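Biologist: Please show me the model, and then let us go through its contacts one at a time.

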Amino acid sequence: MTVPILEPEWAAPRGVRAAFSLRSGGTSLPPWDSLNLGVHVGDDPAAVAENRRRLAHTLGLPSEPIWLDQVHGTEVVRIDSASVSRPRADAAVTRERGVVLAVQVADCLPVLLASEGPVLAAAHAGWRGLAAGVIESTVAAMQVPPSRLVAWLGPCIGPAHFEVGDEVRAAFVAADPAAAAAFEPNARRRWQCDLPQLARARLRALGITKIAGGEWCTAADPVRFYSHRRDQRTGRMAALIWC
């Protein structure tokens with residue numbers, strides 16, 4: 001059985017494949033309905049295994065994705081064909097054909113990166129990881145001139161729904177005063193935060209100019225996307241990249 005997916009429109013090198021899973025087409029029951037890919041959210045493990053099988057079948061994956069144990073940090077793991085499953089990290093890099101990188105999200109921003117070679121990367125960028133430098137750490141681990149990289153930003157919580165406190169804004173502005181432009185004050189004396197705008201600024205600061213995506217809000221679309229901020233108890237989607 002095939003499942004619906006979102007295919008990135010970006011200037012990836014020839015042969016590089018990427019996809020983003022949507023929430024429909026799976027077997028999980030509410031509140032994880034239905035294509036939940038996360039084993040850590042309380043769902044039936046058998047349902048998650050079947051959902052992952054359906055996704056792999058739909059995409060024709062060459063191998064089982066490397067599912068990370070994500071902790072909202074900046075650790076980057078290099079993956080080859082002999083790597084252990086579920087390494088503890090928030091980003092992964094590979095130079096191996098046939099290796100499928102994956103990051104799981106339900107409001108956090110997935111960032112995919114690619115260059116000729118191939119050199120591929122997937123990063124999980126919630127606000128904590130983004131502020132701490134997960135994008136910078138991922139690009140450094142790729143060991144490719146940033147001007148040769150292309151980036152795709154997947155669905156995440158949008159600024160209309162992502163309310164944060166002063167500490168979040170301060171974490172970004174301390175590193176780059178221009179980051180203040182990604183925060184709009186609201187009537188509750190808090191801030192509406194634009195994660196894709198913050199990510200684009202960091203990518204450009206590294207020298208990456210080919211950046212696509214970032215226009216979908218997970219919290220605003222319950223039909224297609226899971227959202228932890230919206231629903232609390234919910235499933236996980238995945239951004240995947242391979243060659």
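Modeller: This is a predicted model. R202 and E136 form a salt bridge, with their closest N and O atoms 3.2 Å apart.

Biologist: Which helices does this pair link?

Modeller: The two residues lie in distant parts of the chain, 66 residues apart. E136 belongs to residues 134-142 and R202 to residues 195-206. The helices are therefore α3 and α5.

Biologist: Is R202 buried or exposed?

Modeller: The relative accessible area of R202 is 13%. The limit for a buried residue is under 20%. R202 is therefore buried.

Biologist: And how does E136 count?

Modeller: E136 has 26% relative accessibility. Buried would need a value under 20%, and exposed a value over 50%. E136 therefore counts as partly exposed.

Biologist: How many bridges join β7 to β8?

Modeller: β7 covers residues 109-115 and β8 residues 119-125, and the two run antiparallel. One of the pairings sets L109 against A125 in β8. The number of bridges joining β7 to β8 is seven.

Biologist: How far apart are the closest N and O atoms of R188 and E163?

Modeller: R188 sits in the loop between β11 and β12, while E163 is in strand β10, 25 residues apart. R188 is exposed at 55%, whereas E163 counts as buried at 19%. A salt bridge needs such atoms within 4 Å, and here the distance is 2.5 Å.

Biologist: Which residue forms a salt bridge with D69?

Modeller: D69 is in the loop between β3 and β4, and its partner is in the loop between β4 and β5, 19 residues apart. D69 counts as partly exposed at 24% relative accessibility. With closest N and O atoms 3.3 Å apart, the partner is R88.

Biologist: How many salt bridges does the structure hold?

Modeller: Some residues are linked in a network of salt bridges, namely E50, R53 and R54. The pair R202 and E136 also forms one. For the structure, the number is nine.

Technical notes
Residues numbered from 1 in each chain as written. Predicted model: local features only at pLDDT ≥ 70, side-chain atom pairs only at ≥ 80, totals over all residues. Heavy atoms only, no water. Salt bridge = Lys/Arg side-chain N within 4 Å of Asp/Glu carboxyl O. Helix = DSSP H or I, 4+ residues; strand = E, 2+ residues; numbered from the N terminus. Buried < 20%, exposed > 50% of the residue type's maximum accessible area, 1.4 Å probe, protein only. Pairing = 2+ DSSP bridges.
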